[in-house]
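Here are my notes on the helix packing, as promised. Have the viewer open while you go through them.

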Amino acid sequence: MVPAVVEGHLDGRLLSVVWRQLGLDEQPLVIRDAGGSSFWRLASKYNEAGRHQRVVGLGDLENATCASALLQHLKPSRSAGFKLRLAVRMLESWLLADREAVAAFLGVRVAAIPREPDREAHPKRTLVNLARTSRKRSIRESLVPNGSGASVGPEYTPVVGAFIDSRWNAERARVNSPSLERACVRWAEP
């Protein structure tokens, strides 16, 4: 069993899929969803546990200028056993990196999907804006906010989660996302 801490629900689903697709599922993950605001507090504890065992983490870079600025939360030092990775800028950049699958899921042309999703300023907004142009009414109704002031639609998490579980592919995505590539390499290390 490999303990893991993630920033949110979709991060946990994606980490599970990547883990399985990397062929690491002989060492099952035990994932703890930090629920966003508690992530760095829990990451510090997982960092400490990483001094004695392999531990995995996944969070988002968000608006930080670089990963090292965020990793200051793990002072005084990062343990070698804590395999923490940060999606650049957020998890949705990794989803967008599987261009063919996300285009089919959203019902948009592959050409509309960014070629370098790690460079998107706000990948979640990019995904939602692509959903606005979807040929699929169910996608528009699920992912696009309905004017309530929310940034995503009412079924965003379950619908995107189902996409991650059934269609998203880490091998295809890592070609278009340097941050996902680094995560896959780091997590595959013993």
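This is a predicted model: local features need pLDDT of at least 70, side-chain atom pairs count only at pLDDT 80 or more; totals for chains, interfaces and linings use all residues.

1. Helix 5 passes helix 8 in a right-handed crossing.

2. Who touches whom here? On the helix 5 side you'll find Ala 101, Val 102 and Phe 105, and they meet Val 159, Val 160 and Phe 163 of helix 8. Sorted by class, that contact has six nonpolar residues, with no polar and no charged ones.

3. Next, helix 1 (residues 9-21) against helix 10 (residues 178-188). These two pack at an angle of about 60 degrees, and their axes are 11 Å apart. Helix 1 and helix 10 are therefore oblique to each other, and helix 1 passes helix 10 in a right-handed crossing.

4. The residues in that pairing are Leu 15, Val 18 and Trp 19 from helix 1, which meet Leu 180, Cys 184 and Trp 187 from helix 10. Here the class count for helix 1 with helix 10 is six nonpolar, no polar and no charged residues.

5. How do helix 1 and helix 8 lie relative to each other? Their axes come within 10 Å and cross at roughly 5 degrees. Helix 1 and helix 8 are therefore roughly parallel to each other. Helix 1 brings His 9, Leu 10, Arg 13, Leu 14, Val 17 and Arg 20 to the contact, while helix 8 brings Tyr 156, Thr 157, Val 160, Gly 161, Ala 162, Ile 164 and Asp 165. By class, the residues of this contact split into seven nonpolar, three polar and three charged.

6. Last, have a look at helix 2 (residues 39-49). Its buried residues are Phe 39, Trp 40, Leu 42, Ala 43, Tyr 46 and Asn 47. Viewed down the axis of helix 2, these buried residues fall within an arc of 155 degrees, so they line one face of the helix.

How values were computed
Residues are numbered from 1 along each chain as its sequence is written. Side-chain values use heavy atoms; hydrogens and water are left out. Buried means under 20% relative accessible area, exposed over 50%, partly exposed in between (1.4 Å probe, protein chains only). Helices (H or I, at least four residues) and strands (E, at least two) are DSSP runs, numbered from the N terminus. The arc is that of the directions from the helix axis to the C-beta atoms. Axes are lines fitted to C-alpha atoms, for helices over the stretch in contact, and angles run from 0 to 180 degrees between N-to-C directions. Angles under 35 degrees count as roughly parallel, over 145 as roughly antiparallel, 65 to 115 as roughly perpendicular and the rest as oblique. A crossing is left-handed if the near helix is turned anticlockwise from the far one by less than a right angle, and right-handed if clockwise. Contact means heavy atoms within 4.5 Å. Ala, Val, Leu, Ile, Met, Phe, Trp, Tyr, Cys and Pro count as nonpolar, Asp, Glu, Lys and Arg as charged, and the others, Gly among them, as polar.
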